[in-house]
Amino acid sequence: MRRRGLSGLLPCWALLSAASACLPSAPGPGHCASAGGWGPGSCRGPPLSSGSRPALPVDPVQENYVRQVRDCIFSVAYPTPFKSRVLLVAISKVVLEEILDLDVSVTETDDFLQLVSGGKVGFGFVPLAHRYGGHQFGSWAGQLGDGRAHMIGVYTNRYGERWELQLKGSGKTPYSRDGDGRAVLRSSVREFLCSEAMHYLGIPTSRAASLVVSDDDVWRDQFYNGNVKKERGAVVLRVAKSWFRIGSLEILAHSGELDLQRSLLDFIIQEHFPSISMNDSNRYLDFFSRVVSETANLIALWMSVGFAHGVCNTDNFSLLSITIDYGPFGFMESYDPDFVPNTSDDERRYKIGNQANVGLFNLDKLLQALKPLLDSRQKQLAFQIVEGYSSHYYLRFTELFKAKLGFLGEGEDDHYLIAFLLRLMEDTKADFTMTFRQLSEITQDQLKELHIPKEYWALQDLAKHKFFSDWVTMYLLRLRRNKGDSDSRRRKRMTSINPRYVLRNWMAESAIRKAEMNDFSGVHLLQQVLQHPFQRQSVAEKAGYALHPPTWAKDLKVSCSS
């Protein structure tokens, strides 16, 4: 199939707003127009109306100033173009070709650069910012919303998949509060790389299509210590099936806008949960049950790769249970249940070992938002559903870690073996990623003899524990109980699920330091490597991505400042 160029992209996105009578036809700060068709996919309006489905209202106030907004889901907000030159420094070829049906050659055009940097919008198209609220660090924060993000289109591709396209860092909106609407280069590089890395790790996530950097000055106090520095503004074009989050429903419940809450819920269910019947009086209950189980699954997946989100507020938790809003995240290096990647998290609320509990907190807040729409029987059932979250999570966590250790079938000591290993790792500060990876590569004979070759440095660290040999004895006995298995099949199976490379903070920081000097080779190298995290790659080995982290990595810090 021949993919289309940008000549199809712009007019198709321009038609998006015309599909809904809710949208005004005000001109934006710039227009792109050209002729041609998109091809196999289809264009639709932003998530405001869908055929016979009720429209979701847009704020009638079109002026772009910070304010409290009511009785709507979106506000009209145009991106603010950069004043300086802009450079397209990275793209995801797969996102462009497989999700957006675009030929990668469109990225060489000025029209594409203007579009993905927020410099121009499709002719007649009206970009939107979403209104939502949320609990931040455990407390209700009121109205939040897209303070620096603009939805610029919705596209249904040739596979029938519906994707929402959003610019992040593209300027102020009515929800910017005290912010400037911008994102800086360092945080944008991290989001671009991590959203794609998570996808290739097999974890549900938003995706990143492009990264644009400008020479505009953006001032940030990175660690909130009074040291304000000049940084460069950047924009990521990110895509997701939906950007609705728990806070999307919370703001409506807190404001008493229950009719609008029903309309939004019905839209989300009809659009994203097709197995739930719209004629079922228990549809909201079924929706909640699905979100509970899928959230448990998502957090268990995070834990299986040592990923700490960093800011697990309800406004950052997707209703589709995908990973969104990459900020001060981190992949754990030395195993530590108290690992906190975000230096802004003074109370350590979002430490990696507390993510499952925070997930339960967030789901409880979702239940509180849904309660006004449920009858007494449904409320009791919903309470039982959320009570089942812990068992959902524990079951999925156990399944994942059994697979990471190469177990087949059920063993009565499986839970103990997992917990025993994690305790040894905690005591010895063994590297999380490489411990499981090297267990995937070492032979059973080498383990039996307790002969750990030098290349298995993480296992050598682990072997310093006085109970290591006891664990190895139990582990090898359990592996022998795998019916029809062999050591080669075990290693092949384990290396396919235990990554050799993850986006460690020091790796991202190395790429960022180069990028700040207009050298984006580090970004491109990481992008290439992280597309194949389970395969040994010579360029990654040469870069040291599978070695002990450098000593300077211990002093790295990330914060909410972005």
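The protein has a mean pLDDT of 91, and 90% of its residues reach 70 or more; pLDDT is the predictor's confidence in each residue, from 0 to 100. Over residues 7-40 the pLDDT is below 50, and this stretch has 87 contacts in the model beyond near neighbours in sequence, a contact being heavy atoms within 4.5 Å. Residues 42-53 also have a pLDDT below 50, with 46 contacts beyond near neighbours in sequence. This is a predicted model, in which local features need pLDDT of at least 70 and side-chain atom pairs count only at pLDDT 80 or more, while totals for chains, interfaces and linings use all residues. Residues are numbered from 1 along each chain as its sequence is written, and side-chain values use heavy atoms, with hydrogens and water left out.

The largest nonpolar core has 129 residues, and Phe 287 and Trp 471 have the most contacts inside it. A nonpolar core is a set of buried Ala, Val, Leu, Ile, Met, Phe, Trp, Tyr and Cys residues joined through side-chain atoms within 4.5 Å. Buried means under 20% relative accessible area, exposed over 50%, and partly exposed in between, with a 1.4 Å probe and protein chains only. Helix H7 gives the most to this core, with 13 residues. Leaving aside neighbours within four places in sequence, Phe 287 is in contact with Leu 249, Leu 265, Ile 268, Ile 269, Phe 273, Ile 276 and Leu 319. Another core, of 22 residues, lies apart from the largest one and includes Leu 113, Val 116, Val 212 and Leu 237. In soluble globular proteins, nonpolar side chains tend to be buried together.

H7 itself has 22 residues and reaches 32 Å from its first C-alpha to its last, close to the 32 Å expected at 1.5 Å a residue. The expected span is 1.5 Å times one less than the number of residues. Helices (H or I, at least four residues) and strands (E, at least two) are DSSP runs, numbered from the N terminus. Because 17 of the 22 residues of H7 are buried, this helix is largely enclosed by the rest of the structure.

Phe 307 belongs to strand S14 (residues 307-308) and is buried, with a relative accessible area of 0%. Gly 330 is 23 residues from Phe 307 in sequence, and their C-alpha atoms are 6.0 Å apart. Beyond neighbours within four places in sequence, the contacts of Phe 307 include Cys 194, Met 198, Phe 331 and Tyr 326.

Tyr 326 is also one of the contacts of Ser 195, along with Thr 205, Ser 206, Arg 207 and Ala 208, again leaving aside neighbours within four places in sequence. Ser 195 is in helix H4 (residues 185-200) and counts as buried because its relative accessibility is 1%. A polar atom of its side chain lies 2.8 Å from the backbone oxygen of Glu 191, and the side chain of Ser 195 reaches the backbone oxygen of Phe 192 at 3.4 Å.

Helix H10 (residues 389-404) has 16 residues and reaches 23 Å, close to the expected 22 Å. Its buried residues, among them Tyr 389, Tyr 393, Phe 397 and Lys 402, pack against helices including H7 (283-304), H8 (355-370) and H16 (487-495).

How values were computed. A polar contact is a pair of N or O atoms within 3.5 Å; within protein, one must be able to donate a hydrogen and the other to accept it, and residues adjacent in sequence count only if both atoms are side-chain atoms.
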